[in-house]
Amino acid sequence: MASTLQSLRALADPTRLRIMALLEKDELSVNELQEITRMGQSRISTHLGLLQDAGLLRSRREGKRTFYGLNQNADGVARDFIDLAVRGAQETHEHSADQLNLKRVLARRHEQAQVYFNQIAGRFDRVYGPGRSWQAFGHLLLRVLPPLVVADLGSGEGLLSELLARRCKKVIAIDNSEKIVAFGAAKARKNGLKNLQFRLGDLENPPVDPASVDLVILSQALHHAALPAQAISSAHRILRAGGQIMILDLLRHNFEKARELYGDRWLGFAESDLHRWLEEAGFKKIEISVVAREEQPPHFQTILAGALK
């Protein structure tokens, strides 16, 4: 049995209070705690070790992973400390974001299809195969799409819009640059894509009728928006009931030069911010995950967020 003093020392750090509150909901692995808190593995492991030595946590092995949870067999004194830790964590600045990230991680844990995709994606580039490429896979997956009406917000010159138009019923590409809209429209005419329309407009108030599209895409566009939350709310407005939003963007980073080099307003986004904005806009069944990591500095990471109206 750990001493009272040891328990007090273990709970003297706000980070360890955050961990205790997260483990109140469910047991978590080190990797899951890393993803939720955005802290390094060694730091997480150190905190877990101190909490476990104090008798406040327990751990179990499952394959190659170790899962940590609150010590359900703790004595009365330790139980009181656990309850105090969970209550204290609610006063930390990170608590709301932690709880949103926890919700997202636990939901994804149950999505076995997502886990399988990540395993496949991780192996894709390791072994060469003639004719095997992401480009080819992309065209294959396009053939699976039903005849949707799509709004591509922040489309740029319309590379994605052009690909989608070859399969979808109608694609509306929105951009705030007159030159880009003119270029995209001319290219669509040249390629005979009569179902691809380019319109001049902003992400926060796209020129699209309410409840008129099946899918809204924001592909590396949201970090250019003046008001990202309003852009997401507008996407909800133009979607039909049961429609879907898909957001591809950068995970929050510290590469300040992106503002100058690429005109970025935002240095990516935290998953918790995207989750909160989607919920506030009225979206349901929200799923957010990191889908790509660049090996070269500044090591940008891409997140994919999807949700239903």
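In this report Ala, Val, Leu, Ile, Met, Phe, Trp, Tyr, Cys and Pro count as nonpolar, Asp, Glu, Lys and Arg as charged, and the others, Gly among them, as polar. The model is predicted: local features need pLDDT of at least 70, side-chain atom pairs count only at pLDDT 80 or more, and totals for chains, interfaces and linings use all residues. Residues are numbered from 1 along each chain as its sequence is written, and side-chain values use heavy atoms, with hydrogens and water left out.

**Cavity and pocket**

On a 1 Å grid over the protein atoms alone, a cavity is a set of points where a 1.4 Å probe fits but cannot get out, while a pocket is an open set with protein on both sides within 12 Å along at least five of seven lines; lining residues have an atom within 4 Å of a point. Grid points are joined across faces, edges and corners, and a volume is the space filled by probe spheres set on the points. By this rule there are 2 cavities of 30 Å³ or more.

| Site | Volume | Lining by class | Largest share of lining |
|---|---|---|---|
| Second largest cavity | about 30 Å³ | 4 nonpolar, 2 polar, 3 charged residues | α10, 3 residues |
| Second largest pocket | about 410 Å³ | 7 nonpolar, 7 polar, 6 charged residues | α6, 3 residues |

The lining of the second largest cavity includes Glu 157, Lys 187 and Phe 198. Two or more of its lining residues come from each of α10 (178-190) and β6 (196-200). Helices (H or I, at least four residues) and strands (E, at least two) are DSSP runs, numbered from the N terminus.

The second largest pocket, of about 410 Å³, is lined by 20 residues, and Arg 38, Leu 251, Arg 252, Ala 270 and Glu 271 are the closest to its centre. At least two lining residues each come from α3, α6 and α13 (271-281).

**Helix α4**

Helix α4 (residues 41-53) has 13 residues. Its buried residues (under 20% relative accessible area, 1.4 Å probe, protein chains only; exposed is over 50%, partly exposed in between) are Ile 44, His 47, Leu 48 and Leu 51. Seen down the axis of α4, they fall within an arc of 100° (taken from the directions from the helix axis to the C-beta atoms), so they line one face of the helix. Exposed Ser 42 and Asp 53 sit on the face turned away from that buried side. After α4 comes Gly 55, with a positive phi near 80°.

**Thr 92**

Thr 92 lies in the loop between α5 (76-89) and α6 (95-109). Thr 92 is buried, at 16% relative accessible area. Beyond neighbours within four places in sequence, Thr 92 is in contact (heavy atoms within 4.5 Å) with Pro 14 and Arg 18.

Notes: The expected span of a helix is 1.5 Å times one less than its number of residues.
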